[in-house]
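User: I would like to learn how to read the features of a protein model one by one, with the general idea before the particular case. Could you take me through this one?

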Amino acid sequence: MGSAEAEDTGMEIESTGGPVLLREPAEGTPPVITEPSALAEACARLAAGTGAVAVDTERASGYRYWPKAYLVQLRREGSGTVLIDPIALADDLQPLRDVLNDLEWVLHAASQDLPCLAELDLHPAALFDTELAGRLAGYERVALGTLVELLLGYTLEKGHSAADWSKRPLPVDWLNYAALDVELLIQLREKLEAELGAQGKLEWARQEFEAVRTAPPSPPRAEPWRRTSGVHKIRNPRGLAAVRELWQARDELARKRDRAPSRILPDSAIINAVTADPKTVEDLQALPVFSGRVQRKYTASWLRHLQAARALPASELPSPSQPTDGPPPVNRWADKDPDAAARLSAARAALTAIAEDRRLPVENLLLPDLVRRTCWRPPAETDEDSVAAVLRAGGARPWQVELTATALSKALQTSAS
């Protein structure tokens, strides 16, 4: 779509001699659908449209505990843009499922949106991910706004991605932003699909899209409290137990209140409390954050959890290092297993060369974790067929196996001597 066409459609634009700034969608920003009757009408329009449907969601990360979709944006050729409030329509979404679940979806960074859409029992029949397509096509920067500017010549009005989308009513400028996120997705998909075809990568992309579409939910982390920012400063098991106690207490409260854990108690406050090791409520309230008006009513509870950690028997204290079923950190390989370190070095060099030749990010050529695991504990036989079997078992797609099995087979025969 050129700027002249944008003017014909009534799209609000601002020309600066470079990319055209879009301030609102071509047909204006539609109202948010909150009633079953309006949803039925919108679904009829979507069903009458043609081609794939552009899909996006807005969540309230950083504000709410649960990663729900608080707005669903859709656009299809011949149907226009549809904005849906899935919270207001939680029990009335079947008409939407009847339409969407039979269509191909176009999303940007699909893995971010698919889980919250699956919670609504919305699942694509096929998928095109414009972010992943951009990576495979060799673009170094693949944010939606960047790709739209490079390939379509437009700049999207941005600025509300980190907003609290659970807020009601949603401000008009937020809705403009949300609608623009699907305004040009179909055109972007067409450009990227043509480019992938010209580069001989379209089949690779299709395999990647299908892998994203059919990926199972991520399993829960075994010890999620270890991701507390600053936990590396706590080096003794008793201190780690205190971090765990505070983290778990915070998480339980955050669940009950549907608040982001960081808004209940920042990670920095947890680390400060564990480091200071306060013995009384007054000691705890003297620390930053805990002295605040809201926090003061919880300090007795936080202190009880710190005391509980002090009272734990040694057998119940966490290990200083996180348990893992994978190889050790790479910086320890040379000491622990020099041959494994040599194999990994050879594998990385070979894969980097392949990736650069094909204009691919090396992490999209083959998952780094799969490479590390294979180099740390290679198969008994390191011929190409055996290595290919290991890669397939590790989730590599056929195109990845075809490109990398031979090179990885040779790398696995490297030794430090």
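The dialogue below goes from the overall chain to salt bridges, a surface patch, backbone features and an annotated span.

User: What kind of model is this, and how are residues numbered and values counted?

Analyst: This is a predicted model, in which local features need pLDDT of at least 70 and side-chain atom pairs count only at pLDDT 80 or more, while totals for chains, interfaces and linings use all residues. Residues are numbered from 1 along each chain as its sequence is written, and side-chain values use heavy atoms, with hydrogens and water left out.

User: How many helices and strands does the chain have, and how are they defined?

Analyst: Helices (H or I, at least four residues) and strands (E, at least two) are DSSP runs, numbered from the N terminus. On that basis the chain has 21 helices and nine strands, and its C-alpha atoms fill a box of roughly 70 × 65 × 45 Å when taken along the principal axes.

User: What share of the residues counts as buried?

Analyst: A residue is called buried under 20% relative accessible area, exposed over 50% and partly exposed in between, with a 1.4 Å probe and protein chains only. Of the 417 residues of the chain, 47% count as buried.

User: How should I read a salt bridge, and how many are found in the whole structure?

Analyst: Side chains of opposite charge can pair when their charged atoms come close. Here a salt bridge is a side-chain nitrogen of Lys or Arg within 4 Å of a carboxyl oxygen of Asp or Glu, and a search of the whole structure finds 19 of them.

User: Where do Glu41 and Arg45 lie?

Analyst: Both belong to helix 2 (residues 36–48), where they stand four residues apart, about one turn of the helix. Glu41 forms a salt bridge with Arg45, and their closest N and O atoms are 3.0 Å apart. Glu41 is partly exposed at 43% relative accessible area, and Arg45 is also partly exposed, at 31%.

User: Which distant parts of the chain does the pair of Glu104 and Arg189 link?

Analyst: The side chains of Glu104 and Arg189 meet in a salt bridge at 2.9 Å, N to O. This pair links distant parts of the chain, with Glu104 in strand 7 (residues 104–107) and Arg189 in helix 8 (residues 185–198), 85 residues apart. Glu104 counts as partly exposed at 24% relative accessibility, whereas Arg189 is buried, with a relative accessible area of 12%.

User: Is Glu208 buried or exposed, and what is its partner?

Analyst: Glu208 forms a salt bridge with Arg397, the closest N and O atoms being 2.7 Å apart. The pair again links distant parts of the chain, from Glu208 in helix 9 (residues 202–214) to Arg397 in the loop between helix 20 and helix 21 (398–411), 189 residues apart. Glu208 counts as buried because its relative accessibility is 5%. Elsewhere, salt bridges that share partners join Glu27, Arg75 and Glu183 into one network.

User: Which residues form the negative surface patch?

Analyst: Patch members have over 30% relative accessible area and no salt bridge, and like charges are joined within 9 Å, whereas nonpolar side chains (Val, Leu, Ile, Met, Phe, Trp, Tyr) are joined within 5 Å. The negative patch consists of Glu381, Asp383, Glu384 and Asp385. Asp385 lies in helix 20 (residues 384–393) and is exposed, with a relative accessible area of 61%.

User: Which backbone features deserve a look?

Analyst: The peptide bond from Arg168 to Pro169 is cis, with omega near -5°, and Pro169 is found in the loop between strand 9 (154–156) and helix 7 (172–183). Asp277, a residue other than glycine, has a positive phi near 50°; Asp277 sits in the loop between helix 12 and helix 13 and is partly exposed at 34% relative accessibility. Arg359 likewise has a positive phi, of about 55°, although it is not a glycine; Arg359 is placed in the loop between helix 17 (338–358) and helix 18 (362–365), and Arg359 is partly exposed at 44%.

User: Which residues does the HRDC annotation cover?

Analyst: UniProt positions are given in the numbering used here, feature names are shortened, and annotations may be inferred rather than shown by experiment. The UniProt annotation "domain: HRDC", from an unreviewed entry, covers residues 236–316. In the model this span is 70% helix and 0% strand, and its end C-alpha atoms lie 13 Å apart.

Key:
Areas by Shrake-Rupley, 256 points an atom, 1.4 Å probe, with all protein chains shown as cover. Lys, Arg positive; Asp, Glu negative; His and termini not counted. Charge placed at Lys NZ, Arg CZ, Asp CG, Glu CD.
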